[in-house]
Structure formats: structure tokens, C-alpha cells
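Please keep the sequence and the structure in view while reading.

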Amino acid sequence: MKEKSFLQLHAYDSIKNSILSGELEPGQLYSETKLSASLGVSRTPMREALQCLSQDGYITIIPSKGFMIRQLNEKDMKDSIEIRCAIEGFCSNIIASQIHTEAGRQLLRSLEQTLDAMEQALDREDGLEDFIYYDHQFHLLLVNYMQNDEFNQIFQRLLYLIHLTSRDALSAEGRVTGTVNEHREYFQALSQGKSHEAYQILIGHLMMPLKMHGSLQ
């Protein structure tokens, strides 16, 4: 894969941050030319940045017109959750068998620190974005533990859909507290090497948005 240029990275990060912050909104058509001018980036790195954002699931490119921010639909949600169940479920089983290794113990420490940060975010009135960030970090720790480049790339492409799914699910009353409790229950089972119990808790947790939407068959 070709290495990204500085201007391409600048454009990619700027647009990505604008999407995540809500500055760029779904349902609107954005002009590549106008965005290039506003960011001070020429056409080629801008086009390459948009292609990368499209591949990573942030935008949909409309040929000869511009691009639109990707919106979450039920199929996207279902597909991404099923992929997560497959990967994170596998990771859980491996981790549960390795909790007594140095790498396993370090992972448990990192997971607990991330859980603490999630709970601290709950105490802040404007802490939802931080809460979502630490929620994602918790799950990324599980995936990154495997040091599997394919897993990491798949998750990188899913991050925006995961972000949208999290925001949607956490808007339901009581879901934030439920999410913390499920993470704690999962962590307890994992730290005791109870692979089957940890797996069941994890799958139930990941599938919750589909249950809320009535999408489970």
C-alpha cells in the first residue's frame, strides 16, 4: 500500500475529525473543490484522502458531484456487529487461556484502567464522547492483543460504524449504565479465565443494539 503524503494525511484527519464532531452532517452533498480550498490542499491529495475515507466507511463518494457522510442503516449495523462478534469472541477465548502470562496480566491491567476511565466519564455532565472513546478503547485492547494485522485493519474500517452504533444505542435510557455493568461482568469472567462465560457476556453485549432495534431473527 502506498504511503500517505503529509497533505493527504492532513486532509484525511481534518475531514474525519469534522465528521466525528458533527461539523459535517449526513444528508448534505459536499464539494471536493470547496473543501480543498478551505483546507488549503490541492486536488490530488484531497482526492486520495476522500478515497481512503470512503474505504474506511466514513463517506460515500458521488461521482462528478462530491461526497456525502455515511449514514447508519440496519444492515450496516447488523453486518458490523456480526463481524465484531466473530473477531472479539475469538479473542476472548484466547485471552482467557492466557491470563496468567505476562501479556495477559498486562492486558487485564489496561482493561481495568479503561473501565475506570469509562466510569469517571459517567460522572461528567458532558462526558458522553469520552465514554464512547473509552468504550471503543476497551474493545480495541481485546483485538490488538492478538497482534493480527488483518483483525486490526478490519476494525479500523469498522470504527465509524461502531461509533454511530454506539451513539445510537447509548441514547436509550439506562443504556450507558447497562454498558458499564456488562463491561464489568465481562472483565470479571475474563480475569478468572472463564472463557465460556466471558464469551456469552460479550456476545450479549455486542448484540444489544440489534435487540433494541428488533433486528434479531
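## A buried threonine and its contacts

Leaving aside its neighbours within four places in sequence, T179 is in contact (heavy atoms within 4.5 Å) with M118, F131, D135, L170 and H205. T179 is found in helix 8, where helices (H or I, at least four residues) and strands (E, at least two) are DSSP runs numbered from the N terminus. At 3% relative accessibility, T179 counts as buried, the classes being buried under 20% relative accessible area, exposed over 50% and partly exposed in between, with a 1.4 Å probe and protein chains only.

The model is a predicted one, in which local features need pLDDT of at least 70 and side-chain atom pairs count only at pLDDT 80 or more, while totals for chains, interfaces and linings use all residues. Residues are numbered from 1 along each chain as its sequence is written, and side-chain values use heavy atoms, with hydrogens and water left out.

## Packing of helix 5 and helix 8

Helix 5 (residues 102-122) and helix 8 (residues 175-191) pack with their axes 11 Å apart and at an angle of about 165°; axes are lines fitted to C-alpha atoms, for helices over the stretch in contact, and angles run from 0 to 180 degrees between N-to-C directions. Helix 5 and helix 8 are therefore roughly antiparallel to each other (under 35 degrees counts as roughly parallel, over 145 as roughly antiparallel, 65 to 115 as roughly perpendicular and the rest as oblique).

From helix 5 the contact draws on L108, L111, E112, L115, D116, M118, E119 and L122, and from helix 8 on V176, T179, V180, H183, R184, F187, L190 and S191. The residues of this contact divide into nine nonpolar, three polar and four charged, where Ala, Val, Leu, Ile, Met, Phe, Trp, Tyr, Cys and Pro count as nonpolar, Asp, Glu, Lys and Arg as charged, and the others, Gly among them, as polar.

## Strand pairing and positive phi values

Strand 1 and strand 2 pair in the antiparallel sense over four bridges, pairing being assigned if DSSP finds at least two bridges between two strands. I59 stands opposite I69 in strand 2. The hairpin has three residues between the strands, and in it S64 takes a positive phi near 65°; at 86% relative accessibility, S64 counts as exposed.

Most residues other than glycine have a negative phi. Q147, in the loop between helix 6 (128-145) and helix 7 (149-170), has a positive phi near 55°, and Q147 is exposed, with a relative accessible area of 71%.
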